[in-house]
Amino acid sequence: SFFRSRAEFFRLLPLVSRFFELTLGMQKGATARWRAYLPAAVLAFECVLVPLILLKVPYTEIDWKAYMEEVAGFLAGERDYTKLRGGTGPLVYPAGFVYIYSVLYWITSSGADIFLAQVIFAGLYLAFIAAVVAIYIRVPKLSPVAIIALCLSRRVHSIFILRMFNDGVAMLLLYLSIGLMLRNRWSLGCVLFSAAVSVKMNILLFAPGLLVVLVQRFGVLYTVPKLAICAALQAVLSLPFTLAKPWAYLGRAFELSRVFFHVWTVNLKFLPEGLFQSKALALALLCGHLGMLWWFASRRWCARSGGLCGTFSLRAQGKPALSTVEILSPLLESNFIGIVFARTLHYQFYVWYFHSLPYLLWVSCGTLSLLCHSCTSSRSPPSGGWQWVVGFHGPRVAFLLAVEVIWNIFP
């Protein structure tokens, strides 16, 4: 065997424990050190990994050709949204998608230069990771394990670099928006949030949390101008289409009644197809979604500001500033609630929430923290040693691995 005896194995455990104590930031002063070097290390790792993926992993066509066909109609002068189609069906994304992929259509010679498109999306992915890491390093007492986990998903690399889905573009704009809000740049943050919605409608899953955050920061009355910014950008971007046929645009770009194919779903594949497509299931999921949003808003997000009634009272005053956790928790938890109650999740939808999982597991999930604390007894770093490392990080890492495995199983 690798170890000559069981005694030799146990003699090595203190050295392993010491390694984790240093690398996982469990000693005083370690937090400042890892916050200085870990973001750069993560980006350096990605800068090596991404070119290897480009060169070694073959491209497989899924939606890129359809995207190009859809924007080709727009570039040819068509403004009726019902007539913009691709090989996979009608165009069902808002106007921001059309403009962004029209630029890509032009840069990549009508979409023919696939490798150049992949290089562009590799750059977008690196910008995306940088934006997410910049947010995470602002979270107090966050374990470096959570940041390391951000770059370890095989499926997410595929969604960006090999498949070039618009989901990645939308999420990049979303995280840039959150980064601006954390820096108290709320108006510009609302602009980018609305821009993200204009690329794909899933960003609206963050909207309930954003509403709570805006009201807590500005009060009800002064939240209205921020919402007006979001609405105004949507109106401006959609103008070429709404001037032609407004209902055609609204019905296709923000279609809420669309039912996806059962064969491609990841989350509810175990249900019979008839039940999966039933209106009863849709209504039950909608009720569960709204009920859970209400519970989180009243019991968590607004608990310290007088509950829902106190927070949304016209007399309530906003706060001069919100902490990082006060901004991130409503946004990321609101999105995750939407994921939980979604009728279908396709493979590219994984990027909607994967990068929020480390925050939810290491910061938001108090029940898991209590469980880990009970498993590690009264040990705390640095005296807890390797038992504390395994007990605290083990369940969280196991959850991330389980989710990743599920999303890498072909339907």
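**Exercise 1.** With which residue does Lys319 form a salt bridge?

*Solution.* The model is predicted.
Step 1. Recall the cut-off: a Lys or Arg side-chain nitrogen must lie within 4 Å of a carboxyl oxygen of Asp or Glu.
Step 2. Find the partner. Lys319 pairs with Glu326, and their closest N and O atoms are 3.1 Å apart.
Step 3. Lys319 is partly exposed, at 27% relative accessibility. Glu326 is partly exposed too, at 29%.

**Exercise 2.** Find the parts of the chain that the salt bridge between Asp167 and Lys200 ties together.

*Solution.* 
Step 1. Start with the contact. The side chains of Asp167 and Lys200 meet in a salt bridge, 2.7 Å from N to O.
Step 2. Asp167 sits in helix H8 (residues 166–182), while Lys200 sits in the loop between helix H9 (186–199) and helix H10 (207–242), so the pair ties together parts 33 residues apart in sequence.

**Exercise 3.** Decide for Arg300 and for Glu333: buried, partly exposed or exposed?

*Solution.* 
Step 1. Identify the pair. A salt bridge joins the side chains of Arg300 and Glu333, at 2.7 Å from N to O.
Step 2. Locate the partners. Arg300 is in helix H13 (residues 279–301) and Glu333 in helix H15 (residues 324–340). The pair links distant parts of the chain, 33 residues apart.
Step 3. Apply the cut-off: buried means under 20% relative accessible area, and exposed means over 50%. Arg300 has 36%, so Arg300 is partly exposed. Glu333 has 4%, so Glu333 is buried.

**Exercise 4.** How many salt bridges does a search of the whole structure find?

*Solution.* The search finds four.

Key. Residues numbered from 1 in each chain as written. Predicted model: local features only at pLDDT ≥ 70, side-chain atom pairs only at ≥ 80, totals over all residues. Heavy atoms only, no water. Helix = DSSP H or I, 4+ residues; strand = E, 2+ residues; numbered from the N terminus. Buried < 20%, exposed > 50% of the residue type's maximum accessible area, 1.4 Å probe, protein only.
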